[in-house]
Amino acid sequence: MRFRKAARAFVTAGWLLAGALVSLPGFAQPKPAPTGVKPAAPKPAAPKPAGKPKTQAAKPAQKPAAKKPTGKKPATRKPGEPGEPDENARRAIAGLPPTQHRGVDESAELRALRELDLALFSPAPNAGAPWPSDDLPTLDRGGPVLLATGVPPSAPLPAPLKPPAPTDLSFIKKLDLPDIPVRWDARVLRYLEFYKNNPRGRAMVASWVKKSGRYGAAIRRVLREQGLPEDVVWLALVESGFDPTIHSPVGAAGLWQFMPEGARIYGLTVDRWIDERLDPERSTLAAARYLSDLHRRFGTWELAFAAYNMGYGGLLASIRKYNTNDFWELSRLEAGLPLETALYVPKIVSMAIVAKNCAVFGCDGVEPEPAVTFDKLAVGHGVALRTVAAAAGVDLDAVEDLNPQLPVGRTPPLGPDAKEGASFVVRVPPGTGARAAKTVAKLLEREDKLERHLVRWGESIEDIAALRGTTKSTLLSLNGLRSGEQVRPGTVLLVPEGGPDKPTVASVFSGARGEKPIIVVPAETYAYPDRRRIFYRVVAGDTVREVASALSVSAAELSRWNTLDPSATLHDGMTLQVFVPRERALTNALVLEDAEARVLPVGSTEFFTHFENLKGRKRLEIAAAEGDTWRGLSKRYNLSLGMLERINHRSRTSALAPGDKIVVYVAQPSPPKAAPPPAKETPDDKAEAVAVAQPVEDKPAAAEEPDESKPDDKPAADEGPTKPATFRNETPAPAPDKPAANKPAADKPAANKPAADKPAANKPAADKPAPDKSVTPKEPPAALPPPAP
């Protein structure tokens, strides 16, 4: 018994020791065992310890792969989880340009404000106690005493790890107030305390005050002229950080972050040539008018600021829902305002207070950046900023920084309704305006003349380049276009002045001068006595409804004429037939008249002849014979089983009955290399050349097909692909008395031997004359001209 107890104690101690050793780092990561060799278990008799080393030994096998020095952390995911897609590839598949916006950025000021909001108003347990309000100055002038707020009681905050230090807010009583209303809300006080006592906050305030010098004076002047408080200038800080080139991911841009629709309402031009949201002067005037309208509607600047941020429609809905027009009350109610809007107004108010009390917040010694100044220069349309910079004798960057509203780097072309001779004002560095005005005209005389082009329906960049006799890259460069960018109808482009020899619309459709373009239409035929048929080529972005409206027809008619699904997408390269009134002049679209095209109905003989000839093939209809199988036909005509299924819409497992019509595409024999042409060709020579390529027997090609699929020919079919009898007739040996076209007569001694003694199938390919790809001759062989002596 005593021995048994001692053994049990010994085993227990061993288990404890093994567990302790395994938990140590040195033992938890042993050296990996060689491949195929399992590590030895500490105790062979115990199953549990033997399993642990196996698990531990499996880890080092993956460890070397993780130690590879890579610049990017490899993406890992659980089995079955989707990986991160390639966004550029997705946009290419969807038919979209590589990028949606020209520039999406976030200034350092905006990033700092966003990080500050997260730091000050995060739901951390030690965020701090509520701000005291006993010694705060009040702006109220009497009124009832508030006993209850009516707001549902919030859950008590967890106790902080350390008791918060008492906050001294006595400096509030000594502050100068801005010209916008101030409410000593807890969020305003939290911002002010951070700006005053935190070193990072003081540095942020100093940088903002410094940067406000670039546009602050100009903005204040516009605000005074429009009757607005000057301290509204700090709304531009919260919106853009005083950076006029900022673009947001949702499409807002400029100092005041206008959306395109709102900017156009207040008179700003936003198109691909000019974006006045990026013009500090023009956008400030529009923002002042917008804020004035919001203040007139809501009555307070707090609500006007909130409506500027969240939209006046959303703010109106919140006011009606909670039945209060007090911004500070709405910002405290559950779901009353978005969090961004609830912090938006306190940020503006607190920064306005800081700017009025620079000494209190440690930014009294900050020197603001010099104000942006410039001279104005009137130039014509389509003038490059590079030319303006050369005329002013400054760098291109200096001119581009003063004109961020010109994203293309060129003044816009004249619009459809603009007067000839109209000028456009650009900004140049101060002191260079007079020099630039004298020099710019001489520099423009040396450049190529440009003219405006209004993009029509059905026109692509390639079409415009072909019609204007220029290249696509030139148009992209002149108009600041990106590769793959869609140019919709109505867009005004700058193009070089066209020469006298302009290509026709037919040559643009076909891609070669003098050739009629191939147009494929449905098999159904339509005829209207009072209409004519035209053809419209689809470009990227077209829809059935838009094209029908541009061509003055209905979407249902356009879909019926071209067998279209109205709910499906049109793709560039498709060509639509349209029946328009005969007197209709389509000046707004690039169309092709019926007489200028070669029309191929789908499924017609001409259709298959054209498209199969492009691939070196010919379409044949054969009749299945007794014993024919799909695999045997695929070997005989050198076609895959999948291709036979696709052509005939029949499964390879279906049975073939004698007489079934089967369609096959067979390869055309390669024509021999042509000999050097003679000095002068006579009509007799042409006749002989045609006669060489004709069949010896005057029988239709289809009549020979059943003979090729007889049971006697099956063993030959198993030996490899065999040409049908039709091709033996279409590619015979040369005429008896005429030498081969590519071989002298002296090289062929047996000229008088009948052609039937030597089948064409056994003749080398080099001696075959060029076969006739068109039709079998109607005349018998006796009608051919006699051979040359």
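In strand β2, Val426 is the bridge partner of Leu377. That pair belongs to a predicted model of a protein with 789 residues, of which 38% count as buried. The secondary structure comes to 31 helices and 11 strands. Among contacts between residues at least 6 apart in sequence, 71% join residues at least 24 apart.

**Strands β1 and β2**

- Strand β1, residues 375-379, pairs with β2 in the antiparallel sense, over five bridges.
- Strand β2 covers residues 424-428, and four of its five residues are buried, so the strand is largely enclosed by the rest of the structure.

**The sheet of β7, β6 and β8**

- Three strands form an open sheet with antiparallel pairing, and their order is β7-β6-β8.
- The edge strands, each pairing on one side only, are β7 (575-581) and β8 (591-593).
- On average, and with direction ignored, neighbouring strands of this sheet are turned by 35 degrees against each other.
- Seven bridges join β6 (residues 531-537) to β7 in the antiparallel sense.
- Phe535 stands opposite Gln577, a residue of β7.

**Nonpolar cores**

- Nonpolar side chains tend to be buried together in soluble globular proteins.
- In this model the largest nonpolar core has 74 residues. Those with the most contacts inside this core are Tyr195, Trp256, Phe258, Leu291, Phe305, Tyr308 and Leu315.
- Helix α16, residues 339-356, gives the most to this core, with nine residues.
- Leaving aside neighbours within four places in sequence, Trp256 is in contact with Ile219, Val232, Leu235, Ala236, Glu239, Ser283, Thr284, Ala287 and Tyr308.
- Another core, of 21 residues, lies apart from the largest one; among its residues are Trp457, Tyr536, Val547 and Val580.

**Helix α10**

- Helix α10 spans residues 233-240, and eight of its eight residues are buried, so the helix is largely enclosed by the rest of the structure.
- The buried residues of α10 are Val233, Trp234, Leu235, Ala236, Leu237, Val238, Glu239 and Ser240. Leu235, Ala236 and Glu239 are also among the contacts of Trp256.
- Gly241 follows α10 and has a positive phi, near 65 degrees.

**Helices α20 and α21**

- Two packed helices are described by the angle between their axes and the distance between the axes.
- For α20 (residues 461-468) and α21 (residues 472-479), the angle is about 105 degrees and the axes are 8 Å apart. Because angles of 65 to 115 degrees count as roughly perpendicular, α20 is roughly perpendicular to α21.
- From α20, the residues Ile461, Glu462, Ile464 and Ala465 meet Lys472, Leu475 and Leu476 of α21.
- The residues of this contact divide into five nonpolar, no polar and two charged.

- Most residues other than glycine have a negative phi.
- Ser552 is not a glycine, yet its phi is positive, at about 60 degrees. Ser552 is placed in the loop between α23 (544-550) and α24 (555-561). The relative accessibility of Ser552 is 43%, so this residue counts as partly exposed.
- Thr563 is not a glycine either, and its phi is positive, at about 45 degrees. The loop between α24 and β7 holds Thr563. With 58% relative accessibility, Thr563 counts as exposed.

Methods: Residues are numbered from 1 along each chain as its sequence is written. This is a predicted model: local features need pLDDT of at least 70, side-chain atom pairs count only at pLDDT 80 or more; totals for chains, interfaces and linings use all residues. Side-chain values use heavy atoms; hydrogens and water are left out. Axes are lines fitted to C-alpha atoms, for helices over the stretch in contact, and angles run from 0 to 180 degrees between N-to-C directions. Helices (H or I, at least four residues) and strands (E, at least two) are DSSP runs, numbered from the N terminus. Angles under 35 degrees count as roughly parallel, over 145 as roughly antiparallel, 65 to 115 as roughly perpendicular and the rest as oblique. Contact means heavy atoms within 4.5 Å. Ala, Val, Leu, Ile, Met, Phe, Trp, Tyr, Cys and Pro count as nonpolar, Asp, Glu, Lys and Arg as charged, and the others, Gly among them, as polar. Two strands pair if DSSP finds at least two bridges between them. Buried means under 20% relative accessible area, exposed over 50%, partly exposed in between (1.4 Å probe, protein chains only). A nonpolar core is a set of buried Ala, Val, Leu, Ile, Met, Phe, Trp, Tyr and Cys residues joined through side-chain atoms within 4.5 Å.
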